[in-house]
Amino acid sequence: MIRVEFLGPIGKKPLEVEAGTLKEVSDLLKQDEALAGWLQKCAVAVNDAMVGDLDTPLKTGDKVTILPPVCGG
Amino acid sequence: MELYEGPLDAKEIFGRWLDEQAASNYGAYIPFVGTIRAEDGIEALSFDIYEPILKAWFDDWQERAAQRGAIVKMAHAIGDVPVHTSSYISAVFSPKRRVALELIDAFVEDFKANAPIWKYDVIDGQRIYAADRSTPMDGAGLLG
């Protein structure tokens, strides 16, 4: 299972999903109406490293983190 | 990198950083302090931080600074920070002023764009995400 965590203001509890790539996670999350409007604005990390490729492979125990728009300071 | 619950003690932090580097032979020390302004009826701002990625972001900046013979420092608040108090402090030490002036600009701007920190207005005790002032991080939209 892959754990998907949603940070900051998204306000959604973590999910456990089956997926072999980030693309498969994307396909699953797009079906979630609570995430409508968020995904296009969010960056993504796998195991706390920022990623930029939907083909990123995933294995059991990996953590996918969804990071909404930021404003520090 | 230092994280604190609630507002920062700017004088203590700046003074301590200065003392720590007193004998390091840096010719320039440029501090930056972010203070919560009273506007739009807010009583405070509030912050969430995701520490693992913030630390990685900051470690990368330390390496970039080191390549120019400089060091960067930062402190940030977690949770509520009342108006007229400090939520964010950073600083650069470098051998000469030009590197420090350039780095403080680039470091603070990249902080605003890519540090994993989320800001909320606090109005009548309610926490409201500052969506209109927030910026998608580099690479955002991958899953959209």
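This is a predicted model: local features need pLDDT of at least 70, side-chain atom pairs count only at pLDDT 80 or more; totals for chains, interfaces and linings use all residues.
**Two chains in contact: a short walk through the model**

Residues are numbered from 1 along each chain as its sequence is written, chains are lettered from A and ligands numbered from 1 in the order in which they are written, and side-chain values use heavy atoms, with hydrogens and water left out.

Between them, chain B and chain A bury about 2,400 Å², with 67% of it on carbon and sulfur atoms; buried area here is the accessible area (1.4 Å probe) that two parts lose on being put together, summed over both. Of the area that chain B buries against chain A, 31% is supplied by B:Trp118, B:Leu142 and B:Leu143, which is more than any other three residues.

Let us turn to the sheet in chain A, which is open and is formed by five strands in the order E2-E1-E5-E3-E4, with mixed pairing. At its edges are strand E2 (15-17) and strand E4 (49-51) of chain A, each of which pairs on one side only, and the twist from one strand to the next averages 30°. Strands (E, at least two residues) and helices (H or I, at least four) are DSSP runs, numbered from the N terminus, and two strands pair if DSSP finds at least two bridges between them. The angles run from 0 to 180 degrees between N-to-C directions, with axes that are lines fitted to C-alpha atoms, for helices over the stretch in contact.

Strand E1 (residues 2-6) of chain A pairs with E2(A) in the antiparallel sense over three bridges, with A:Val17 as the bridge partner of A:Ile2 and A:Glu16 standing opposite A:Arg3. With strand E5 (residues 63-67) of chain A, E1(A) pairs in the parallel sense over four bridges, and there A:Val64 is the bridge partner of A:Val4. Because four of its five residues are buried, E1(A) is largely enclosed by the rest of the structure; buried means under 20% relative accessible area, exposed over 50%, and partly exposed in between (1.4 Å probe, protein chains only).

A:Ala45 lies in strand E3 (residues 43-46) of chain A and counts as buried, at 0% relative accessibility. Leaving aside neighbours within four places in sequence, its contacts include A:Val64, A:Leu67 and, from the other chain, B:Ile53.

In chain B, B:Ser46 has its place in strand E3 (residues 44-49) and is buried, with a relative accessible area of 1%. Its side chain makes a polar contact with the side chain of B:Arg127 at 2.8 Å; such a contact is a pair of N or O atoms within 3.5 Å, where, within protein, one must be able to donate a hydrogen and the other to accept it, and residues adjacent in sequence count only if both atoms are side-chain atoms.

A search of the whole structure finds zero disulfides over all chains.

How values were computed: A disulfide is a pair of cysteine sulfur atoms within 2.5 Å. Contact means heavy atoms within 4.5 Å.
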